[in-house]
Amino acid sequence: MDTSSKENTQLFCKSSERPLGRPSLTTECSSSKEKQQCCGELKVFLGALSFVYFAKALAEGYLKSTITQIERRFDIPSSLVGVIDGSFEIGNLLVIMFVSYFGAKLHRPKIIGTGCLIMGVGTLLIAMPQFLMQRYRYEKYSPLSNSTLRISPCLLESDNQLPISVIEKSQSKRSDGCVQTVAIIGPIFGFLLGSLCAKLYVDVGFVNLDHITITPKDPQWVGAWWLGYLIAGLVSLLAAVPFWCLPKSLPRSRSREDSNSSSEKSKFIMHDQTDYKTPLGEKSKIMEMARDFLPSLKNLLGNPLYLLYLCASTVQFNSLFGMVTYKPKYIEQQYGQSASKANFVIGLINIPAVALGIFSGGIVMKKFRISLYGAAKLYLGSSVLGYLLFLSLFALGCENSDVAGLTISYQGTKPVSYHERALFSDCNSRCKCSETKWEPVCGDNGITYASACLAGCQTSTRSGKTIMFYNCTCVGIAASKSGNFSGMMGRCQKDNGCPKMFLYFLVISVITSYTLSLGGIPGYILLLRCIKPQLKSFALGIYTLAIRVLAGIPAPMYFGILIDTSCLKWGFKRCGSRGSCRLYDSNALRRIYLGLTVMLGTVSIFLSIAVLFTLKKNCVSKHRSFRTKREGTMVSTTIRKENYTTSDHLLQPNYWPGKETQL
């Protein structure tokens with residue numbers, strides 16, 4: 001007995017030898033206890049594994065929900081945020097080969113536990129910049145007290161007074177259904193956690209919140225993005241604990257030992273309490289395994305059905321990864337929603353629709369016993385219908401906000417073309433304003449100005465967290481009525497029809513997510529059945545690697561690069577370099593975000609059609625060969641029967657020619 005068997009024997013009840021013949025009552029009782037203990041250990045393993053899936057999915061979902069928060073906190077463009085998001089997959093690729101090779105030979109539970117520890121520590125490290133960097137700074141006009149003291153935001157050239165400070169600095173089968181279901185629940189909690197943390201100020205616990213003059217609706221608001229990473233990291237560390245208490249393998253119950261066959265799942269988890277004999281392939285040298293690798297890869301990639309499905313899935317996941325990564329940003333910029341609300345609707349509405357779609361696809365496949373060709377048609381149909389529904393989102397966007405000098409002229413009469421964009425006008429020419437500042441002010445004429453200075457405001461007052469500006473000369477130019485030409489800190493709300501458009505967007509988005517997810521299980525079954533059984537593990541590994549390398553890493557990057565091209569107003573760091581985008585062109589953002597998603601989806605649909613035709617061609621050729629073979633078999637069988645009948649007649653003692661006729 002080897003070391004692993006001895007370890008299992010010590011941890012589990014020792015199996016007593018069973019006498020020949022009828023088993024005694026004591027043996028039956030011990031067998032029953034052993035079976036109960038085995039089932040108990042298996043349930044612990046499945047529960048712990050489900051919790052690991054939940055922890056990993058929680059971290060991934062929360063990462064997606066903090067994209068816009070990280071962008072504003074560190075003043076970086078969307079393209080760089082895409083690199084950060086893609087680096088999550090890069091970290092997985094660094095260890096996936098080693099884990100795949102050594103996973104089956106070493107202590108599986110401890111390997112999983114080690115992975116949880118690394119994942120937990122890595123998640124905690126993501127939050128470290130919050131504690132190593134200075135507190136978040138945002139630029140605001142801030143009267144010293146809740147008074148009616150009038151201060152001039154617009155410093156005229158003839159004035160000799162110093163300008164007011166515009167910087168407020170903060171103080172320093174059932175088991176498989178179980179695991180996959182929990183993995184889907186993880187992103188739901190991730191986005192909901194992101195929604196909760198987005199409502200808390202970034203430096204909560206470090207500064208006096210009474211001195212904070214911005215609200216979650218303010219474009220400069222940054223939530224406590226780091227708090228969720230601490231929670232997700234602790235959850236991952238907690239998930240590692242049970243695996244350090246589990247043995248290397250679970251003992252097989254006596255009923256399983258007596259049976260001649262067992263499922264692949266049971267073989268993966270449980271081993272016999274006998275000397276472990278490695279297969280011949282595992283005893284081969286590394287060079288011999290390497291020589292077998294290339295022929296297997298060539299055999300796999302030489303399968304046109306597998307190769308086409310791999311390409312179709314890779315392109316489709318490019319579409320889905322890019323869409324999900326920047327969906328919170330799209331909701332914020334297109335419909336004027338806060339980061340908290342964007343994460344809330346994604347976590348509570350969209351992801352459950354995806355889970356329901358995957359579950360429904362599995363039910364349909366099982367209930368109607370759909371064939372492989374039917375699975376391919378269901379996979380294609382769900383993609384076609386899903387992207388057709390996605391096309392309707394082009395009509396459900398909101399127009400650009402009226403921003404003086406960027407989307408509309410200071411007179412408020414016409415849109416501004418790209419070469420005509422200018423933040424300076426005659427109404428603010430006497431003010432010493434900065435063109436790089438983004439401190440939006442909503443005038444009472446419904447137009448947003450980049451700052452109170454650029455709005456030509458002469459005085460300001462503060463009441464609580466509300467800052468009002470008066471005698472704004474630029475507001476008076478575009479005002480339709482006489483008044484004091486005032487403005488309030490913050491951007492103006494989108495047009496009145498935008499909330500209704502946002503509601504329609506949510507409905508179509510939920511239906512689209514459900515429809516696209518219907519093809520998940522049929523596509524997975526198509527992947528498993530189109531390859532040889534001995535290449536299934538290798539094929540799944542190549543599939544996962546391709547999705548991570550060719551979709552998970554590049555999609556957020558080039559989506560972010562293209563989204564940056566729709567920026568109207570860039571922020572600038574204190575060192576003078578370009579920071580994050582302050583204002584997007586809603587129409588351009590809608591065309592880029594939705595158009596790129598639909599374009600990639602269309603390419604995947606054409607590849608899926610090629611998969612369907614290839615599968616149909618293979619089925620027809622196999623059917624013809626089968627018919628030919630069957631007809632040949634029937635002909636030979638008929639000839640043999642006739643020969644047997646003739647010989648039987650000839651062998652009969654009372655037989656003579658012409659007997660049947662006479663009778």
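A residue counts as buried when its relative accessible area is under 20%. By that cut-off cysteine 492, at 11%, is buried. The model is predicted, and it holds 6 disulfides.

**Cysteine 442 and cysteine 492**
- A disulfide joins these two cysteines, with an S to S distance of 2.0 Å.
- Cysteine 442 is in strand S5, while cysteine 492 is in the loop between strand S9 (487-489) and helix H18 (498-518); the pair links distant parts of the chain, 50 residues apart.
- The S-S torsion is about 105°, so this disulfide is right-handed.
- Cysteine 442 is buried, with a relative accessible area of 18%.

**Cysteine 427 and cysteine 474**
- The sulfur atoms of cysteine 427 and cysteine 474 are 1.9 Å apart in a disulfide.
- Cysteine 427 sits in the loop between helix H16 (372-391) and strand S5 (441-443), and cysteine 474 in helix H17 (residues 473-478), 47 residues apart.
- A torsion of about 95° about the S-S bond makes the disulfide right-handed.
- Cysteine 427 is buried at 12% relative accessibility, and cysteine 474 is buried at 0%.

**Cysteine 567 and cysteine 581**
- These cysteines form a disulfide with sulfur atoms 2.1 Å apart.
- Cysteine 567 lies in strand S10 (residues 567-572) and cysteine 581 in strand S11 (residues 578-584), so the pair ties together parts 14 residues apart in sequence.

**Glutamine 337**
- Glutamine 337 is in the loop between helix H14 (327-335) and helix H15 (339-367), and is buried at 17% relative accessibility.
- The side chain of glutamine 337 makes a polar contact with the side chain of lysine 341 (3.3 Å).

Note on methods. Residues numbered from 1 in each chain as written. Predicted model: local features only at pLDDT ≥ 70, side-chain atom pairs only at ≥ 80, totals over all residues. Heavy atoms only, no water. Helix = DSSP H or I, 4+ residues; strand = E, 2+ residues; numbered from the N terminus. Buried < 20%, exposed > 50% of the residue type's maximum accessible area, 1.4 Å probe, protein only. Polar contact = N/O pair within 3.5 Å; in protein donor to acceptor, adjacent residues only side chain to side chain. Disulfide = S-S within 2.5 Å.
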